[in-house]
Amino acid sequence: MSSAMRTEGVATAYDRWAPIYDLVFGNVFKSGRQQSIEAAEAVGGRILEVGVGTGISLPQYRRENRIVGIDISDAMLDKARERVRRFDLRNVEDIRVMDAERLDFDDNSFDVLVAQYVVTAVPDPERALDEFVRVVRPGGEIVIATRIGAGAGMRGTVEKALMPITSKLGWRTEFPWSRYEAWAASNGRVRLVENRPLPPLGHFSMVRYAKLPG
């Protein structure tokens, strides 16, 4: 586990973000959030949203889909629970504190897993990605909205230099596409469906994997 990012440290960071998270990031991530939901609902069924945070995306899911939301920050989830009550979201099965690297669900429990801006915010991204695959049924999908680092050049150098600062805020700047490629090859149970830029300005991407049969 990275010395710069620990699970308890990430939880503390996002507890601090909870009162202002929607105000600061709501519009920034709006398009990515909507496109992630649309991709998930193209499969439909039982959907796990990892890093559900304040639950800002929950009212946007169609009511015929069943949603479970988890996050490492209980302060964020307090806002999500309030949202479920306010909008009477009866399709939300559960909201609970959980570590993305240690999902407390049986294998093949979900049709789709959505992880919006989560992969770069966990201490061990590859372990979390392995867990995502484990809990999704064969033929299901993992939908990831994320920032993909440059990995090289001036931008990559800047990203690495910023890591000591951004890790304290709860996310990493340095996470190149090569890590996804290496993880997928090592995991061996996924097929890349899509990797495309998201607004604003293509700084974020949607990455979709399908879980292979068998």
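Which way is the crossing of helix 5 and helix 7 handed, left or right? In this predicted model, the crossing comes out right-handed. Two packed helices are described by the angle between their axes and the distance between the axes. Here, helix 5 (residues 125-135) and helix 7 (residues 177-187) pack at an angle of about 50°, and their axes sit 11 Å apart. An angle of that kind falls in neither the parallel nor the perpendicular range, and the two helices are therefore oblique to each other.

As for who touches whom, helix 5 brings P125, E126, L129, D130 and V133 to the contact, while helix 7 answers with R179, Y180, W183 and N187. Sorted by class, that contact of helix 5 with helix 7 holds 5 nonpolar residues, 3 charged ones and 1 polar one.

Turning to helix 7 on its own, the buried residues are W177, Y180, W183, A184 and N187. Looking down the axis of helix 7, these buried residues fall within an arc of 120°, so they line one face of the helix. Just past the end of helix 7, G188 adopts a positive phi of about 75°.

What about helix 5? Of its 11 residues, 8 are buried, so helix 5 is largely enclosed by the rest of the structure. Those buried residues are P125, A128, L129, E131, F132, V133, R134 and V135, a list that takes in the charged residues E131 and R134. Their packing partners are strand 1 (46-50), strand 4 (110-116), strand 5, strand 6, strand 7 and helix 7.

Elsewhere in the model, D74 belongs to helix 4 (residues 74-86). With a relative accessibility of 38%, D74 counts as partly exposed, because that value lies between the 20% limit for buried and the 50% limit for exposed. D74 and M98 are 24 residues apart in sequence, and their C-alpha atoms are 9.2 Å apart in space.

Methods. Residues are numbered from 1 along each chain as its sequence is written. This is a predicted model: local features need pLDDT of at least 70, side-chain atom pairs count only at pLDDT 80 or more; totals for chains, interfaces and linings use all residues. Side-chain values use heavy atoms; hydrogens and water are left out. Axes are lines fitted to C-alpha atoms, for helices over the stretch in contact, and angles run from 0 to 180 degrees between N-to-C directions. Helices (H or I, at least four residues) and strands (E, at least two) are DSSP runs, numbered from the N terminus. Angles under 35 degrees count as roughly parallel, over 145 as roughly antiparallel, 65 to 115 as roughly perpendicular and the rest as oblique. A crossing is left-handed if the near helix is turned anticlockwise from the far one by less than a right angle, and right-handed if clockwise. Contact means heavy atoms within 4.5 Å. Buried means under 20% relative accessible area, exposed over 50%, partly exposed in between (1.4 Å probe, protein chains only). The arc is that of the directions from the helix axis to the C-beta atoms.
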